Structure formats: structure tokens, C-alpha cells
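Thanks for coming. I have one model to go through, so please look at the sequence and structure on the screen.

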Amino acid sequence: QVQLVESGGGLVQAGGSLRLSCAASGRAFSTYHMGWFRQAPGKERDLVAAIRWSGITIYADSVKGRFTISRDNAKNTVNLQMNSLKPDDTAVYYCAASTTGISVGQFDYWGQGTQVTVSS
């Protein structure tokens, strides 16, 4: 069982930056694939970025070049650095963990979410 707790959300102006963090419980963190998802009102939950246990990363096209996902296995944390934020980035951001892969349906554990609001 893995428990995930996100932090770092908030209100920021367009063009600004935020750093989201996700703290994970459990001893096997280094073996999990980790991901950040977001869900805006009335929309589906979409993958923003993911990092495999090997360190390989993938990004949604909409955030490439602006967001960076990273992990610190010693601290059981995964971070999402978000730069050049746009109003379209406004959403609840969720941290998730997977033991099998990085397709959306493969993430087994989810955090409670943190709100990110980007004002124009």
C-alpha cells in the first residue's frame, strides 16, 4: 500500500512558476513509476508527466519545455516544476503511483490532489 500526499499548489499569475511535491509512504518507492495528472472542471483527468523507476520521463505535448518531473528516491518524493504557467494549466493536480506501467489505467495509487490556479 502506498500513500501519496501532494503539496505546493496555489495561485500564480500567468508566466509564473510553481513547484509541486508528492511525498510517498512505503519502502518500495524506487520501484514505482510515478506520475502527475490534472483535472480541470468538466474535463477528464489527463496525464501531465510521468517518470519510470528507471528515470525515463514522458510529458504531455501541452507542457513539454515548460514542466519538469523529477524524483528523489532517498526522500520518497516526486516533484513537478512548472514554469511559464498559462491559465489553461489551471486544474487540480494529482500525484499517482504505478507498479506496472505508465498508461493512465495502470496507476494504482492516488493522492488527494492540490489546486493550481493560474490567473491571466
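Leu 4 stands opposite Ala 24 in strand 3. Strands here are DSSP E runs of at least two residues, numbered from the N terminus. Strand 1 and strand 3 (residues 18-24) run antiparallel and are joined by four bridges; two strands pair if DSSP finds at least two bridges between them.

This is a predicted model: local features need pLDDT of at least 70, side-chain atom pairs count only at pLDDT 80 or more, and totals for chains, interfaces and linings use all residues. Residues are numbered from 1 along each chain as its sequence is written, and side-chain values use heavy atoms, with hydrogens and water left out.

Back to strand 1, residues 4-7. Leu 4 and Glu 6 point to one face and are buried, that is, under 20% relative accessible area, where exposed is over 50% and partly exposed is in between (1.4 Å probe, protein chains only).

Now Ser 120. Where does Ser 120 sit relative to strand 11? Ser 120 is in the segment after that strand, which spans 114-119. Ser 120 is exposed, with a relative accessible area of 86%. Leaving aside neighbours within four places in sequence, Ser 120 is in contact (heavy atoms within 4.5 Å) with Ala 14 and Pro 87. Asp 89 is 31 residues away from Ser 120 along the chain, and their C-alpha atoms are separated by 11 Å.
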